[in-house]
Amino acid sequence: MARDPRSESFTEQGSGEIVRALDDVIRRATKLRASDIHFEPKPDKLRIRFRVDGVMVEQPYLPLKACKPMISRIKVLGRMDIAIKRQPQDGTFKVDLGHKKTVSLRASTFPCFDGEKAVLRLLEADAVIGMDQLGMGRGQVQALRRLVRNSGGLVLVTGPTGSGKTSTLYSVLSELDTTRLNIVTLEDPIEVQITEITQGQVNPRAGFTFADGLRAILRQDPDVILVGEMRDAETASIAIQASLTGHLVLSTMHTNSTISTITRLMDLGIEPYIVANALVGVVAQRLVRVVCSRCNEPYTLEKDVSEEVGFALPENATLVRAVGCDHCMFTGFKGRRGIFEVVEVEERLQALIKTRGGSDQYKKLLRDMTVPTLRRVGMRQALKGRTTASEILRVT
């Protein structure tokens with residue numbers, strides 16, 4: 001990758017060039033719809049990469065002498081200690097891009113062999129996606145709306161890191177009646193500010209953990225509680241007790257499916273009958289890349305792939321494959337959309353949870369409940385030409 005010609009004036013002490021360079025990188029990342037910016041020190045340069053549509057994309061690098069002042073600039077903006085170089089740090093800040101557009105960033109530094117690496121997570125401030133724009137089917141949207149109309153109970157949104165769980169939770173919050181309900185959140189960090197609700201941010205270094213914050217929230221007369229993530233047994237136990245005492249609790253877990261979410265709660269020490277009574281719904285999700293509209297190539301499926309996929313596709317089905325062009329930075333994809341599995345916990349599922357049912361029993365029951373799996377939902381998108389079959393197999 002060619003060197004950025006503007007980098008020649010960087011100095012060890014930093015300068016206005018560093019300020020302009022960081023702003024330019026953030027503007028470029030925003031234009032390319034990047035979710036993350038990686039600043040990686042190497043023996044001879046400062047490597048810069050963007051994560052676009054879930055994939056790392058190389059960018060013009062900066063000279064080695066720009067590395068220390070760039071990391072220092074990020075630390076200053078994120079209110080970190082610039083003197084600490086051998087311990088990870090994190091912080092948040094906002095950048096005004098003009099034209100009434102602001103991007104909020106979560107900064108993280110990590111000591112490595114050649115210095116300190118910094119990663120910036122980007123999120124447009126106040127950018128809340130409507131529930132109808134998440135990518136769910138009509139029936140799934142209706143099911144999710146039924147779940148959050150409950151006056152009490154636990155609703156979990158699950159999936160791996162970067163699968164859009166937080167966006168789904170914010171979408172749910174945007175549809176709740178903030179006038180009549182007292183909504184309180186506990187997040188790490190607060191990624192989107194919603195003025196009509198009370199938002200709190202954990203601070204483990206100050207002793208303010210999810211468990212401590214959740215106990216405090218219960219003394220704030222809440223109707224709806226959003227817990228950014230259920231990471232441990234203590235937080236899960238308090239959240240579930242809250243959901244059983246007349247509070248709607250929304251949270252996330254890093255699990256791969258509805259079934260693994262249920263078993264994970266039990267692994268955290270929650271009794272099966274309590275899980276069955278508290279859990280009202282689970283939303284499992286993934287983000288899949290949308291195939292580029294300018295360069296995708298249709299083809300007819302001429303062989304049986306049911307063994308690889310797990311179920312049969314229509315005979316001679318037409319699918320598309322990614323090619324790559326200038327429009328999509330030669331990745332073959334441009335943009336992402338969600339695929340979802342929405343499960344409402346009804347009586348049959350409650351009974352199975354109470355008896356610690358096995359994986360095969362859960363799968364059979366979900367089929368009987370006509371709940372399509374993430375892979376089936378994804379393959380429907382592939383058959384509509386919105387993404388590729390290989391992309392669905394990659395994320396599910």
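Visitor: Hi! Which helix is Ala242 found in?
Guide: In this predicted model, Ala242 belongs to helix 6, which covers residues 233-243.

Visitor: And is Ala242 buried or exposed there?
Guide: Buried. The relative accessible area of Ala242 is 1%, and the cut-off for buried is under 20%, so Ala242 falls in that class.

Visitor: Leaving aside its neighbours within four places in sequence, what is Ala242 in contact with?
Guide: With those neighbours set aside, Ala242 has contacts with Leu218, Ile225, His247 and Val249.

Visitor: Where is Gly385 relative to Ala242, in space?
Guide: From C-alpha to C-alpha, Ala242 and Gly385 lie 44 Å apart, and 143 residues separate them in sequence.

Visitor: Let's zoom out. How many helices and strands does the protein chain have?
Guide: There are 13 helices and 15 strands in the protein chain.

Visitor: What about its radius of gyration, against a compact globule?
Guide: The protein chain has 23 Å. That agrees with a compact globule, because one of 396 residues would come out near 21 Å. Along the principal axes, the C-alpha trace spans about 70 × 60 × 40 Å.

Visitor: What share of the residues count as buried?
Guide: That would be 47% of the 396 residues. As for contacts with a separation of 6 or more, 62% of them come from residues 24 or more positions apart.

Note on methods
Residues numbered from 1 in each chain as written. Predicted model: local features only at pLDDT ≥ 70, side-chain atom pairs only at ≥ 80, totals over all residues. Heavy atoms only, no water. Helix = DSSP H or I, 4+ residues; strand = E, 2+ residues; numbered from the N terminus. Rg over C-alpha atoms; globule rule 2.2 N^0.38 Å. Buried < 20%, exposed > 50% of the residue type's maximum accessible area, 1.4 Å probe, protein only. Contact = heavy atoms within 4.5 Å.
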